[in-house]
Amino acid sequence: MGNKGRTSPRIVCCAIPIARAAGKVLVITSRKRPDNWVLPKGGWEASDVLLENAALREALEEAGVRGTITRFVITIPTPAATYHFYELDVVSLEQDWLEKNERRREWVDYAEAIHRLEWKKELAQGLRLSSIAPAR
């Protein structure tokens, strides 16, 4: 992807939407690669102030998810971006949201989520380190 003219890597905030009682993770389709699945994520903006706020905003815009950030998971640096992962305990799903016509969303169990995210190693790694991952 590259840095697109930036002198430093992009700051990307990623939500891991969890339905704890059901043991499920919400995954969404990528806009750029509609056959691939991702977690809600996007660039931090100054108006977000906190990284957690960016993760909440992206979850709402991309997946129609409302909830509470319950845990910081990990920061994963790459040459193009620095990913910050946060667990998001889902409280509600909007039926109408900003990117509804551009993405699909689906609740899946942990193993299926890992399978769908394998193409993007940072996303799979973030999920593997979350509290929904089976104990090793």
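Which residues does W107 touch, not counting residues up to four places away in sequence? I began my notebook with that question, working on a predicted model.

**Entry 1: W107**

I looked up the contacts of W107. W107 touches P17, I18, A19, K24, V25, L26, V90 and L93, leaving out residues up to four places away in sequence. I placed W107 in strand 7, which covers residues 105-109. Next I checked its accessibility. W107 has a relative accessible area of 29%, so it counts as partly exposed: the buried class ends under 20%, and the exposed class starts over 50%. I also took one distance. The C-alpha atoms of W107 and S8 are 34 Å apart in space, and the two residues are 99 apart in sequence.

**Entry 2: L26**

L26 was on the W107 list, and I went there next. I found L26 in strand 2. Is L26 buried or exposed? L26 is buried, because its relative accessible area is 1% and the limit for buried is under 20%. Its contacts, not counting residues up to four places away in sequence, are P17, L39, P40, A63, V65, L93, R105, E106 and W107. I then compared sequence and space for L26 and D109. They are 83 residues apart along the chain, and their C-alpha atoms are separated by 8.7 Å.

**Entry 3: the nonpolar core**

I looked up the largest nonpolar core and found 36 residues in it. I16, V25, V27, L39, F85 and L127 touch the most other members. Then I listed the elements that give two or more residues to this core: strand 1 (10-19), strand 2 (24-29), strand 3 (37-38), helix 1 (51-63), strand 5, strand 6, helix 2 (110-117) and helix 3 (121-128). Strand 1 gives the most, with six residues.

Beyond four places in sequence, L39 touches C14, A15, I16, P17, V25, L26, V27, I28, E62, F85, L117 and L123.

**Entry 4: helix 1**

How far apart are the end C-alpha atoms of helix 1? I found 18 Å. Helix 1 has 13 residues, and at 1.5 Å a residue they should span 18 Å, so the two values agree.

I noted the buried residues of helix 1: A54, A55, R57, E58, A59, E62 and A63. I kept a general rule beside that list. An α-helix has 3.6 residues a turn, so residues three or four places apart point the same way. The cover over the buried residues includes strand 1, strand 2, strand 4 (41-43), strand 5, strand 6 and strand 7. Just after helix 1, I noted G64, which takes a positive phi of about 65 degrees.

**Entry 5: strands 5 and 6**

I followed strand 5 (residues 65-77) into strand 6 (residues 81-93). The two pair in the antiparallel sense over 11 bridges. A hairpin of three residues joins them.

**Entry 6: the record**

Last, I checked UniProt. An unreviewed entry there places the feature "domain: Nudix hydrolase" at residues 9-131. I found this span to be 24% helix and 42% strand. Its end C-alpha atoms lie 27 Å apart.

Terms used:
Residues are numbered from 1 along each chain as its sequence is written. This is a predicted model: local features need pLDDT of at least 70, side-chain atom pairs count only at pLDDT 80 or more; totals for chains, interfaces and linings use all residues. Side-chain values use heavy atoms; hydrogens and water are left out. Two strands pair if DSSP finds at least two bridges between them. Helices (H or I, at least four residues) and strands (E, at least two) are DSSP runs, numbered from the N terminus. A nonpolar core is a set of buried Ala, Val, Leu, Ile, Met, Phe, Trp, Tyr and Cys residues joined through side-chain atoms within 4.5 Å. Buried means under 20% relative accessible area, exposed over 50%, partly exposed in between (1.4 Å probe, protein chains only). Contact means heavy atoms within 4.5 Å. UniProt positions are given in the numbering used here, feature names are shortened, and annotations may be inferred rather than shown by experiment. The expected span of a helix is 1.5 Å times one less than its number of residues.
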